[in-house]
Amino acid sequence: MSLLLGVDIGTSSTKGVLTTPGGEVVATAVREHAVSRPRPGWAEHDARTVWWDGFAAVTRELLARADAPIAGVGVSGIGPCALPAAADGEPLRPAILYGVDTRAVAEIEELTARYGAEAIIERGGSPLTTQAVGPKLAWLRRHEPRVWERTRRLFMASSYLVHELTGEYVLDHHSASQSSPLYDSREHAWIADWAAEIAPGLDLPPLAWPGEVAGAVTETAAKRTGLAAGTPVIAGTIDAWAEAVSVGVTEPGDVMVMYGTTMFLIEVLASRRTWPGLWGTVGVTPGTYDLAAGMATSGAVTDWLRQLTGAAYEELTEEARAAGHGAGGLIMLPYFAGERTPLFDPDARGLVLGLTLDHGRGHLYRAALEGTAFGVRHNLEAMRAAGGTAARLVAVGGGTKGGLWTQIVSDVLGRPQELPSVTIGACYGDALLAARAVGLSDGAGWNPPAGTVEPDPAAGRTYDALYELYRGLYPATRDAAHALAALSRDPA
């Protein structure tokens, strides 16, 4: 029997898994790492020490526990990122990370004005935001000209691993579709004229689908990682999409709801759809497309409350459960770090309405869970307006533990959510894509549902009324929130 290796480079850790061709987990490994924040609004990873060293360390740990040869390697990573490299693939500076890095705000505005917001969405599928790669490259060209003079290649976390493992220079179509405004999601090709203006001299990578074999492990990489030379390596993709594969979110109408530090949603579509308040991308497999949505905070707010109160999650959860539907008359806007979809407002701010002296920390914690649930509903409504169906919801992530948060979300949505059997994350999807690529499995039966969260109709009626109040709060307080945001940036 052969095994499959999957490794994912996350924001704060590298995770790996060994599986059988049937999806049985043989071993897992994790290596923690940090995000570098050299200036306010910047978020970076060193590709050598974080991405490549992390991959090698996790792989060697897993191989020490393997009792069979590795038939294929799958990789994924955070994205979209911008790692500039020389013609030989050597990194020239740390990678600029995805939407958490906000340095290119001026370039977003300039490129949107240059090409037009509607034209950018029509060609690429998504508006320009801090998530987009194009503005990050424009920032690099303007602010670090010496680096740009030597830049010939562009990597993301997964494509850099592929290069180190195989020597190949390739990027998957899905990751490319998040490189706005450089990729045409209708033609599945780079937009040559815009790319030449934004990133002159850059040799954009050839494109492949995430599950296609990109190359084989070289002798040099074999010595570094312990993998056998010649082992097939797939092109890989961005981690959230690999995680969607891992839980079977692959058919049109499937939606992954990811409960984490931020809330993230991906819906698979049969045809291309766009919406100004969402990200539209190509899918992991040919012929599919996606709509994606992401809140700026979710678990980050609950962690903030945990630190603020000094209470354990278990205590707060039980107190929130006792607070009941509606949190004793509180509503929270969870915009504690601005908001991404569907508002795209970095100056949105958090708000708690209805506070009295009778409220305690359990009410606040419940309001945070309900506020994020309202945010999920807002995003799913935007997806439906764009043409999605959200026929099936699958819940993943650390926030699914304990049951209260998922129950609140199902009650607010009036929809059931499936809970998968295996919740390792993106690396499990990497292994599945590798198994498919080398012909060992079609993925059937890999990760069946372990249970379903059913909505409570009585709770849903209460939440319908509260949701209407929630939706009215942002427009009613937007101007004041923006004024406070401006004051915080320039207190003088």
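What percentage of the 492 residues of the protein chain count as buried? The share is 57%, where buried means under 20% relative accessible area, exposed over 50%, and partly exposed in between (1.4 Å probe, protein chains only).

## Basis of the model

This is a predicted model, in which local features need pLDDT of at least 70 and side-chain atom pairs count only at pLDDT 80 or more, while totals for chains, interfaces and linings use all residues. Residues are numbered from 1 along each chain as its sequence is written, and side-chain values use heavy atoms, with hydrogens and water left out.

## Overall architecture

The protein chain contains 16 helices and 24 strands; helices (H or I, at least four residues) and strands (E, at least two) are DSSP runs, numbered from the N terminus. Because its radius of gyration of 22 Å is close to the 23 Å that the globule rule gives for 492 residues, the chain is as compact as a globular protein of that length. The radius is taken over C-alpha atoms, and the rule is 2.2 Å times the number of residues to the power 0.38. The C-alpha trace spans about 65 × 50 × 45 Å along its principal axes.

Contact means heavy atoms within 4.5 Å. Of the contacts between residues at least 6 apart in sequence, 72% join residues at least 24 apart.

## Surface and charge

The chain exposes about 18700 Å², of which carbon and sulfur atoms supply 53%; accessible areas come from the Shrake-Rupley method with a 1.4 Å probe, and for residues only the protein chains shown count as cover.

There are 39 positive and 55 negative side chains, and the centres of the two sets lie 4 Å apart. Lys and Arg count as positive and Asp and Glu as negative, with His and the chain ends not counted. Each charge is placed at NZ of Lys, CZ of Arg, CG of Asp or CD of Glu.

## The annotated N-terminal domain

An unreviewed UniProt entry lists residues 4-243 as "domain: Carbohydrate kinase FGGY N-terminal"; positions are given in the numbering used here, feature names are shortened, and annotations may be inferred rather than shown by experiment. Over residues 4-243 the chain is 36% helix and 23% strand, and the end C-alpha atoms are 16 Å apart.

Ser 13 is in strand E2 (residues 13-19) and is buried at 9% relative accessibility. Not counting residues up to four places away in sequence, Ser 13 touches Asp 8, Val 30, Arg 31, Glu 32 and His 33.

## A loop at Leu 440

Leu 440 occupies the loop between helix H15 (426-437) and strand E24 (449-453), and its relative accessibility of 36% makes it partly exposed. Leaving aside neighbours within four places in sequence, Leu 440 is in contact with Ser 2, Leu 4, Pro 21, Ala 71 and Ala 435. Leu 440 and Gly 72 are 368 residues apart in sequence, yet their C-alpha atoms are 9.4 Å apart in space.

## Backbone features

A cis peptide bond, with omega about 0°, joins Gly 79 and Pro 80; Pro 80 is in the loop between strand E5 (70-77) and strand E6 (83-85). The bond from Ser 180 to Pro 181 is also cis, with omega near 0°, and Pro 181 is in the loop between helix H7 (173-177) and strand E10 (183-184).

Ala 327, although not a glycine, has a positive phi of about 55°. This residue is in the loop between helix H12 (313-323) and strand E20 (331-333), and Ala 327 is buried with a relative accessible area of 0%. Phe 344, likewise not a glycine, has a positive phi of about 50°. Phe 344 lies in the loop between E20 and strand E21 (351-353) and is partly exposed, at 23% relative accessible area.
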